[in-house]
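Open the structure in your viewer and keep the selection tool to hand.

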Amino acid sequence: MAAARQVLCLWALLGVPRVRCEPIRYSVAEEGESGSVVADVAEDAGLAPAQLSARRARIASPAGRQHFRLERGSGRLVVAERLDREEMCGRSRTCTLAFELLLADPLQFFPIEVSVEDINDHSPVFPDERLVFKILETSDPGSRFPVEGAQDFDVGSNDIQAYSIIPENKFFSVSYQKKNEGDIQVQLVLQQPLDREEQSELDFTLVATDGGSPPRSGTTQIHIIVMDVNDNAPIFTHDIYTGHIVESAPEGSLVLRVMATDADVGTNGDISYQFSQVVSQSQSAFTINTTNGEIRVKTPLDFETTHKYELGVRATDGGGLSALCKVLVEVMDVNDNAPEIVVSSFSSPIPENVEPGTVVALLAVRDQDSGVNGEITCALEEQLSFALRPAFKNYYELVTVSRLDREERAQHMVVVTAADAGSPPLTSTHTFSVDISDVNDNAPVFNQTSYTMYVHENNAPALLVGAVKATDADAGPNAKVSYSVVPARGPEEEPCSCVSVNSESGGVFVLRPLDYEQLRQLEVVVSAADAGSPPLSSSVSVRLLVVDENDNAPLVLHPSAQDSSPPSSELVPAGGRGRRLGGEVRLRRPPTERDAAKQKLVVLVRDNGRPPLSATAALSVLLVPGSWDAQLPQQSPAAGEDDGSLTTSLIIALVFVSLLFLLSAAAFVACKVCKRKELSSGPVLYGASSVQSYVADGAAAGTLPHAYCYEVSLTTGSGNSEFKFLKPVLPSLPAQHCSTGVGGAHAEEFPPVPVTMGDADFESPGMQSVAQLNGF
């Protein structure tokens, strides 16, 4: 206890407010019933009863056995079980039970000492119910005959105080006096000579009385046999024998040897040894040789159970005379008990963002051995994130020493090793499995820095064009990622309405058909947010490229199908996207009188798309005599001679062009078949031949394509007339009533816009013009 007080005072000197320097002391009488109130410990510790529950107060006993318990509601310390002072402390003059009042949050200790006061609950008990003494009739008055005194487990004033004889007689009296270690030496004193012939036997009662209130007593019957001649009793060489034996000594090991001598000879001098009957029955662990007085180990010894034995040995000669001695056997400790680790509290899991120094567990270590065998050191095995911190006496705190990261390590196996200082040392371990709970400290991360996706124009509504993917290193709800489209320039801007993303899978969908001629590409921002509190998010740019399809047939802008006669000046619509091409209609030969004055021509215009789309224009040509002479090249007299060679050249060229056409047609068919296989699962392409069905499908889906209206105009002039083809890109307006005729389409709602001639403003290649002249 002195060492414990020094530790407490050291804590107090260091300024640690959670340790009280001096213990709180109480006293309680033994044999108190369970539930008996000892004291109001909350008041004595300066605490309110409500603090006991809030701070998880409890009683911590280093011995492990709880003799008292704490009533948190009232703050009283009560007896937890019946207290038997003799069982706990034996015949020790003082019996103090030390423990601590432990408050866990925050950690605070209050050392408490309870002194168990003795009550007179045991009567004196003699070793034997009946003692027989053989006394020579020649014994002188004043001769003393030792009697093994009674034992009383009580101490102090409740111990044996006096001996008496009942009934009193004239031959014997009792003498008693206290010796060392509190023992009382009891002797029968012969008051007058005995006469065997007058009285050979004598009986009376020896009474032992303690000092309790009321006093208790014990008795033994004394039987005196008067004998002749044996006038020397045995004498031990020592009154008290002391022996030492290690607790690990095997059965049969010699402890010590007692020896007594007798001055008589013959049978009166023959001595035999035996244990005297004692209440404690401590001699059951030993045996004594009746002839030579050797005391040996009978059963295994345990220092932690009993470390000191007190034996009584009687030496008796053949004439019946005897002597008593006391044997003290001290059991020496060996290191046969490994340290024990007792966990008082343990918190798991703990959040990964706890501060260094957070208490994870509170544990105590103890060793039943004594001396150096009971000195314990405690340490951790190869642990960088945790440490042991001494708390109070044999208590330790397991605390964090660095930041924890669940994503790096979700569980820590912390092994605590306790070792004593014995030789060899004994160790024990306890493993703490500390789980780390997740904290939302990681935002989702996309697997790409940006995404590029492609979609063909005139796509079906709600078309899946790709997916984004983000992962979160956290766990549970903190790792559940949801996707959304967010404004690209700030929260005040609305996100793109034609693109959406699946919140769970990250699939990117185009919600309505797109038109390459209106929108070549668009860029949206997709955000990935976890389900933490607060949530963390990250975003990525998704670039959507619109792929052109051949969905616009060529448009003959000039001449218009509504024109009945060529005006002196024509205007063609300007603006819009698409390539504009001009074509000339020329005379292949001079007209003759056999040619009709009015010629009908059909001009076919076709693009290079797959499949190709085309448009036609009907022309009416009036042959006026004399109007072409100045514009036709003058034929030399030898021009007729070259007609034959020219015809041959034309035939060769026609054959070559036909072969080239056949090869091109075969290649086109092969490419078409491959293209259909590639686009078997893709969006449907709409050509000029399926405009009505496409419009109907678009109307059913809720989205109609933009209306396309065309104008055809023809410039004035004779042989230098040009055709201009223009596909204007109209704003997103409802479909208008448009009419289609041979040679192109014209718009009723939109007037033609004048444009300049030439190819400088043309944007898309692939347009062709074919002029067919009937009769030339």
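The stops below say what to select and what is there.

**Before you start**

This is a predicted model, in which local features need pLDDT of at least 70, side-chain atom pairs count only at pLDDT 80 or more, and totals for chains, interfaces and linings use all residues. Number residues from 1 along each chain as its sequence is written, and note that side-chain values use heavy atoms, with hydrogens and water left out.

**Stop 1: Phe109 and Tyr395**

A search of the whole structure finds 13 aromatic pairs. Rings of Phe, Tyr and Trp (its six-membered ring) pair if their centres lie within 6.5 Å; planes under 30 degrees apart are stacked, over 60 edge-to-face, and the rest tilted. Select Phe109 and Tyr395. Their ring centres are 5.7 Å apart and their planes sit at 50 degrees, so this pair is tilted. The pair links distant parts of the chain, 286 residues apart. Phe109 is in strand S7 (residues 107-117) and Tyr395 in strand S29 (residues 395-400). Strands are DSSP runs (E, at least two residues), numbered from the N terminus.

Buried means under 20% relative accessible area, exposed means over 50%, and partly exposed is in between (1.4 Å probe, protein chains only).

Phe109, Phe392 and Tyr395 form one aromatic cluster.

**Stop 2: Tyr163 and Tyr176**

Where do these two tyrosines sit? Tyr163 is in strand S10 (residues 160-166), and Tyr176 is in strand S11 (residues 172-178). They are 13 residues apart. Tyr163 is buried, at 5% relative accessibility. Tyr176 is partly exposed, at 34%.

**Stop 3**

How many disulfides does the search of the whole structure find? It finds 1. A disulfide is a pair of cysteine sulfur atoms within 2.5 Å. Select Cys89 and Cys95: their sulfur atoms are 1.9 Å apart. The torsion about their S-S bond is about 60 degrees, so the disulfide is right-handed. Cys89 is partly exposed, with 22% relative accessible area. Cys95 is buried, at 1%.

**Stop 4: Other cysteines**

Select Cys671, then Cys674. The closest cysteine sulfur to that of Cys671 is in Cys674, 6.5 Å away, too far for a bond. Cys671 is partly exposed, at 28% relative accessible area. Finish at Cys378, which is buried at 17%.

Conventions: Helix = DSSP H or I, 4+ residues; strand = E, 2+ residues; numbered from the N terminus.
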